[in-house]
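Below are some comments for a colleague who is about to look at this model. They are set out as numbered points, each of which can be read beside the structure.

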Amino acid sequence: MTIKITADSTCDLPAQLLERHRISIAPLGVAKGGKLYHDGVDIGIWDIASHVDGGGDITTTSAVNIADYEALFAPLSERYDAVIHINLGSGFSSCHQNARIAAQEFGNVYVADSRNLSSGHGLVVLAAAEAAEAGKSPSEILSLLEELTPRVEASFVMDRLEYMKKGGRCSAVLALGANLLRLHPGIQVIDGKMSVVKKYRGSMEKAAADYLHDRLDGRSDIDTRRAILVDCCRTPGLVDTARAILREDGRFEEIIEAKAGCTIFSHCGPDTLGLMFLRK
């Protein structure tokens, strides 16, 4: 069978991986300055940063609508025996619901919920693409994803809370307190939702190092085949620090470096860094 894998732009996979595995992307909407853009198509994260740094309102993101999913699925359903679309987690967006509605128009389009975001979503997309290339059937791939999604461990450490405050996701008092105390929130996706699990103190470089050691040290439950280091850092040295810690750890057979897209950036802002891998 010929199986096509598609995904929402929130999977935050590097362009070369998307090309290598022939993964097609449905971009989420990004509203900036009263105009609608498309994530990764006609707007990038530094466009957002420049807008906010210049005093503009924080950008907002919108789900892919049903019509756009239908427009994506229609030609692919004719060219391939099956199409499997993997969504941003249903706990974060209506993308999954919209894709399922759109898929009802086609007999060979299947929709899976990644239950995750950013490169945690990307890990699921890569697994599906590799399974399709290995000759697995649609039902086998969907079963694999059902087994795999609860094993994804996705987490981030953020520099500041300005973007969350501007977007109404935390109070000004909380943001001010965290910033004055130089606290950097550690966030993990738990049961399909983002939760603050720890606050790191000190410089962002120290926070990034402490965060990575917390995620890795003393763990025997990590699937060491692959990790994704994802970031939207503009402070020199942060990614180098993270890269060095992962190399020193030495467990992962493959480390993919990726840049966060507009969706995660609109929530978290600059100098956010995350590590994604599977648990055994």
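**Notes on the predicted model**

1. N87 counts as buried, at 0% relative accessibility, and the residue belongs to strand β6. Please bear in mind from the outset that this is a predicted model. The side chain of N87 makes a polar contact, at 3.2 Å, with the side chain of H85. When residues up to four places away in sequence are set aside, N87 touches D8, Y69, C95, H96, A99, V111, A112, D113, S114 and H121.

2. S93 sits in the loop between β6 (82-87) and α4 (95-103), and with a relative accessibility of 18% S93 counts as buried, because the cut-off for that class is under 20% relative accessible area. The side chain of S93 reaches the backbone nitrogen of C95 at 3.0 Å, and C95 is also among the residues that N87 touches.

3. How many disulfides does the model contain? The count comes to zero. C233 is in no disulfide, and its nearest cysteine sulfur, that of C232, is 6.3 Å away, whereas a disulfide needs a pair of cysteine sulfur atoms within 2.5 Å. The sulfur of C268 also has C232 as the residue with the closest cysteine sulfur, at 6.9 Å, and this is too far for a bond. C233 is buried, with a relative accessible area of 11%, and C268 is buried as well, with a value of 2%.

4. The largest pocket has a volume of about 400 Å³ and is lined by 21 residues, of which D12, L13, G40, K259 and G261 lie nearest its centre. Two elements, α1 (15-20) and β12 (254-259), each supply at least two residues of this lining, and β12 gives the most, with three residues. Sorted by class, the lining of the largest pocket has 13 nonpolar, four polar and four charged residues.

5. The second largest pocket has a volume of about 210 Å³. Its lining is made up of M1, T2, I3, K4, I5, R20, H21, R22, Y80, A129, A132 and E133, to which β1 (3-8) and α5 (118-133) each supply at least two residues. By class, this lining has six nonpolar, two polar and four charged residues.

6. Which residues line the largest cavity? They are T10, D12, L117, S118, T263 and I264, and by class they comprise two nonpolar, three polar and one charged residues. The space in the largest cavity is about 40 Å³, and the count of cavities of 30 Å³ or more comes to one.

How values were computed: Residues numbered from 1 in each chain as written. Predicted model: local features only at pLDDT ≥ 70, side-chain atom pairs only at ≥ 80, totals over all residues. Heavy atoms only, no water. 1 Å grid on protein atoms, 1.4 Å probe; cavity = no way out; pocket = protein on both sides within 12 Å on 5 of 7 lines; lining within 4 Å. Points joined across faces, edges and corners; volume = space filled by probe spheres on them. Nonpolar A, V, L, I, M, F, W, Y, C, P; charged D, E, K, R; others polar. Buried < 20%, exposed > 50% of the residue type's maximum accessible area, 1.4 Å probe, protein only. Helix = DSSP H or I, 4+ residues; strand = E, 2+ residues; numbered from the N terminus. Polar contact = N/O pair within 3.5 Å; in protein donor to acceptor, adjacent residues only side chain to side chain. Contact = heavy atoms within 4.5 Å.
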